[in-house]
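The sequence and structure come first.

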Amino acid sequence: MRMVSPVLSLRGVTKRFGGLVAVNGMDFDVTEHEVLGLIGPNGSGKSTTLNLISGALMPSEGTISLRGAPITHLAAQDIARKGVARTFQLVRLLPSMTVLENVKAGAVFGHRRRWGTEANAQAQALMEQVGLAGRGHLKVGQLTYIDTKRVELARALAGDPKVLLLDEWLAGLNPTELEEGIALIRRLRDEGRTVILVEHVMDAIRSLCDRCVVMASGTKIAEGAVADVLADPEVIRAYLGDDDD
Ligand SMILES: Nc1ncnc2c1ncn2[C@@H]1O[C@H](COP(=O)(O)OP(=O)(O)OP(=O)(O)O)[C@@H](O)[C@H]1O
């Protein structure tokens, strides 16, 4: 059997906030070109897990490795530089800057730095890819909600990340936008990107993910092929106990 070495590995990753264990001994791998869904009821620890991977938070225990090299205690900007890019649940862009400037900022801070004409050319290509062609001159503050999300995605892609973390990127979209958003992520998948998708939209998980990891109360309760995991009685119980879904 051919061994596929993981792009990203978590081993025993734990995060405590005072007495609360928000993430409890998480173990999982993401292999190259895989779209891994990270799902679970509200408050189960998904965003905290992404924050630990991207370096916004430090784990209390455990190890996070990128292509076998530990990144556990690096600062967020160093982790970004090594190739982990993310989008946020609440879009974080520079509102007084243009779309083009925001996308190019991603090329400066990312894994593969680009400047000048090279950064411009790449930003134009990415804007086209995410559906923002011709809108590079607009200020981000003038955009519709879905377009700000497109900018965030293009900015995250601009540094050529080895792993892309999408934190509820589809949240808040109307049904038409949702279809466009899913198609957009599918294209990323088809071009071989490695992605962790935190998402409440189950149709998106079903249509985009190879595998998923399910969290409940900070702990991994299931992992595997999407259809199997979603049929797992423990997973169903965890979701039924969640009043918000
Ligand atoms: N900075 C923090 N300080 C204290 N507690 C926190 C902090 N961040 C998260 N928590 C708590 O950790 C737990 C996990 O939260 P987290 O946001 O990771 O869940 P989630 O699965 O992403 O939820 P949602 O689906 O609602 O976004 C929750 O109980 C939350 O209140």
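Which residues of helix 4 are buried? In this predicted model, they are Gln-122, Ala-123, Leu-126, Met-127 and Val-130. These residues cover an arc of only 140° around the axis, which puts them on the same side of helix 4.

## Helix 4

On the other side of helix 4, the exposed residues are Thr-117, Glu-118 and Ala-121. The cover over the buried residues includes helix 3 (99–109), helix 5 (145–157) and helix 6 (175–190).

Helix 4 runs over residues 116–130, 15 residues in total. At 1.5 Å a residue it should span 21 Å, and the 21 Å between its end C-alpha atoms agrees with that.

## Lys-162

Lys-162 sits in the loop that links helix 5 and strand 7 (163–167).

Ala-85 is 77 residues from Lys-162 along the chain, and the C-alpha atoms of the two are separated by 8.0 Å.

## Ligand surroundings

The shell around the ligand consists of Phe-17, Leu-20, Ala-22, Gly-40, Asn-42, Gly-43, Ser-44, Gly-45, Lys-46, Ser-47 and Thr-48. Strand 2 (20–31) and helix 1 (46–54) are the elements that give two or more residues to this shell. Helix 1 gives the most, with three residues.

By class, the shell around the ligand has seven polar residues, three nonpolar and one charged.

Notes
Residues are numbered from 1 along each chain as its sequence is written. This is a predicted model: local features need pLDDT of at least 70, side-chain atom pairs count only at pLDDT 80 or more; totals for chains, interfaces and linings use all residues. Helices (H or I, at least four residues) and strands (E, at least two) are DSSP runs, numbered from the N terminus. The expected span of a helix is 1.5 Å times one less than its number of residues. A residue is buried if 20 or more other C-beta atoms lie within 10 Å of its own, exposed if 12 or fewer, and partly exposed in between; C-beta atoms are placed from the backbone. The arc is that of the directions from the helix axis to the C-beta atoms. Two residues are in contact if their C-beta atoms, placed from the backbone, lie within 7 Å. A residue is near a molecule or strand if its C-beta atom, placed from the backbone, lies within 6 Å of it. Ala, Val, Leu, Ile, Met, Phe, Trp, Tyr, Cys and Pro count as nonpolar, Asp, Glu, Lys and Arg as charged, and the others, Gly among them, as polar.
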